[in-house]
Amino acid sequence: MTTPAPTDGRPRLLMVMPYRQFVRKAQDEGFWVGAVWDPRLESPEYLADVRARADLYVETDFRDPDLLRRTLRETAREHRATVIYHIGREETMVTAHEVAEELHAELNPAAAIRFLADKHAMRDLLARRGLSPVSFEAAPTRREVPGAVGRIGCPAVVKPAALAGSRGVFLWQEPQDRAAWTALVDAYDYDGPFLVEEYLRGPEYSVETLSRDGRHQVVGITEKLLGPPPLFVEVGHVHPAPLPEDRRRAIEELTTEFLTACGYRFGPAHTEVIWTERGPRVVESQARLGGDRIPRLVELATGLDIEQAIFAALADRPAEVSGATATAIVRFFTFPPGRVGEIRGLETVAGLPYVDELSLRLSTGDTVPEVRDSKSRHGHVIVSGATPEEARARSAEVLATLEAVVDGTPVRADGRTGVLGTPV
């Protein structure tokens, strides 16, 4: 723990796992920022940067809920925190908001965060309210999952209720899938609880919102580009989603009604929705910003820095949300497993004027890991265009230009070999 900052009149914001840009942007809005981190969750170099930026830096073990509670309680009291806030990973959100509520330093009721962080609690709430009806069953351990799948009926989606970021989500299509599913949860060393749900068919979207005083403002809707079953790893996002007006309005109305039902009052939310033949259905929601560089897509498309807007609203200076004037796309690279003999087209792609971000996590000689979740993808590119068609064409050009030679076979950045049509 560092020495307390001198009293300077700034409101004191104690944040759990604030990313370094959050520290800077909160300070830009006039806040003193204390940062609480688990050193296992980021690199020493990254956390050294957080430490240098923050007014206070504290490390603790997030795996121990009692220790985290005690650390937050003692730090908040010692440094006179005005607000305790957590918009990082979901696993420790409820604990942080419970301490905030206890110390009257909360922005949201802990119960609201529990509905958003706990997939089973969310489904129970929706069922009680008659919102977005979906057949589901809870399975406390992996032993109960096959029986729940049988009762829900194949195909069924099996979700680890306590894992974040779509890790371990699996489409169980037939009884023989049990072996593949078991291998997947073994890889995560996860035994439960699980949620088993009916398989919702249709295009998937995420709704990016900012809430203040219980009023929910839709910043925009993002189209999700998904990989194949059974894992459905996200391979890209398009913002704003190309949607007819009636469908867009229905998705927005369901999302805001859901957030109100949760009791959510302040901050960003990232709500995933599938458009089915019965209309929109909530998949899940989180009390944080969308991952996968969605905030950057929003900024490129609308000009709104949604991260800055959180802290501006907290400082009682809410930002104006305007409509999109461009389309932005992120595509993630998914090469097949094998050894990289050569990488082609990287410099060409890096020189394209419409490429906003480019990251490749592979080098010549590397062994390509299998893509099984968002953490194991091999890099990404962000492009934008004045129209959806222009942005898609630019994305397709990048995917066709960048390739790796894996085990002697040239493979495009979207995992395709040869010319197989134009990707999104």
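This is a predicted model: local features need pLDDT of at least 70, side-chain atom pairs count only at pLDDT 80 or more; totals for chains, interfaces and linings use all residues.

Visitor: What describes two packed helices?

Guide: Two packed helices are described by the angle between their axes and the distance between the axes. Here, H5 (residues 110–117) and H6 (residues 119–129) pack at about 100°, with axes 5 Å apart. H5 and H6 are therefore roughly perpendicular (65 to 115 degrees).

Visitor: Which residues of H5 and H6 make the contact?

Guide: Contact means heavy atoms within 4.5 Å. H5 gives Arg114, Phe115 and Ala117, while H6 gives Lys119, Ala121, Met122, Leu125 and Arg128.

Visitor: What is a salt bridge?

Guide: A side-chain nitrogen of Lys or Arg lies within 4 Å of a carboxyl oxygen of Asp or Glu. The structure holds 39 salt bridges. One of them pairs Glu90 with Arg288, with the closest N and O atoms 3.2 Å apart. Both residues lie in loops, so the pair ties together parts that are 198 residues apart in sequence.

Visitor: Is Glu90 buried or exposed?

Guide: Buried means under 20% relative accessible area, exposed over 50%, partly exposed in between (1.4 Å probe, protein chains only). Glu90 is buried at 11%, and Arg288 is buried at 13%.

Visitor: Where do Glu390 and Arg394 lie?

Guide: Both lie in helix H13 (residues 388–401), four residues apart, about one turn of the helix. Glu390 forms a salt bridge with Arg394. Glu390 is partly exposed at 29%, and Arg394 is partly exposed at 22%.

Definitions and conventions:
Residues are numbered from 1 along each chain as its sequence is written. Side-chain values use heavy atoms; hydrogens and water are left out. Axes are lines fitted to C-alpha atoms, for helices over the stretch in contact, and angles run from 0 to 180 degrees between N-to-C directions. Helices (H or I, at least four residues) and strands (E, at least two) are DSSP runs, numbered from the N terminus. Angles under 35 degrees count as roughly parallel, over 145 as roughly antiparallel, 65 to 115 as roughly perpendicular and the rest as oblique.
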